[in-house]
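Thanks for asking me to take a look at this one. Here are my notes, point by point, for someone meeting the structure for the first time.

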Amino acid sequence: MQRVALYIQRSLEPVLLKAAKQFPAVVVTGPRQSGKTTLLRHALKDTHRYISLESPDVRATAQHDPRGFLASFAPPVIFDEVHCAPDLLPYVKEHIDAHRDTPGQFILSGSHNLLMMQQNTETLAGRAAVLKLFPLSRREIAGVPDAPLPWEGRGDAKARP
């Protein structure tokens, strides 16, 4: 019997979809095992090709021939674990600059360390929305990812003094 994985709706999903319609690139960061890959594969399965740079052979191709690699995996594409091949980012930038008016070309994901690499943040400045995915929240686990947070109230129409 095959086990079917249950997808838990994430609060960040509508933000991701909106950003992909407005920016040439979207960078999704967060701690390991926070659900970046699952979110991206679920939310963008119908619109973006998925490529993981974690595999040694794929990573080696991206590092040794970044221009050819990008030509092989033309946008729209998700490059997961992009921190494994940071030298690919200047070529992503070059592609974006040549096609600046096309949103959602690249979705890049990686550990939160990706943004700490000074070179990488400068490379995509002004070209990418940067989103951070946290581990599952109680609202997401309960199946109400868009429920108001405790400090947001319950949407009561009563005026407060």
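1. Let me begin with a term: rings of Phe, Tyr and Trp (its six-membered ring) pair if their centres lie within 6.5 Å, and planes under 30 degrees apart count as stacked, over 60 as edge-to-face and the rest as tilted. By this rule there are three aromatic pairs. Ring pairs link Phe 69, Phe 73, Phe 79 and Phe 106 into a cluster.

2. A word on the basis: this is a predicted model, where local features need pLDDT of at least 70, side-chain atom pairs count only at pLDDT 80 or more, and totals for chains, interfaces and linings use all residues. Residues are numbered from 1 along each chain as its sequence is written, and side-chain values use heavy atoms, with hydrogens and water left out.

3. How are the rings of Phe 69 and Phe 79 placed? Their centres are 5.5 Å apart and their planes stand at 35°, so the pair is tilted. Phe 69 belongs to helix H4 (residues 66–72) and Phe 79 to strand E3 (residues 77–80), so the pair ties together parts that are 10 residues apart in sequence. Helices (H or I, at least four residues) and strands (E, at least two) are DSSP runs, numbered from the N terminus.

4. Phe 79 also forms a stacked pair with Phe 106, at 6.0 Å centre to centre and 25° between the planes. This pair links distant parts of the chain, since Phe 106 is in strand E4 (residues 106–111), 27 residues from Phe 79 in strand E3.

5. Phe 79 has a relative accessible area of 0%, and Phe 106 is buried with a value of 0%.

6. Now to the sheet. Five strands form an open sheet with parallel pairing, in the order E2-E3-E4-E1-E5; two strands pair if DSSP finds at least two bridges between them. Strand E2 (49–52) and strand E5 (128–132) are the edge strands, each pairing on one side only.

7. Strand E1 (residues 25–30) runs parallel to E4, and six bridges join the two. Within this pairing, Thr 29 stands opposite Gly 110 in E4.

Methods. Buried means under 20% relative accessible area, exposed over 50%, partly exposed in between (1.4 Å probe, protein chains only).
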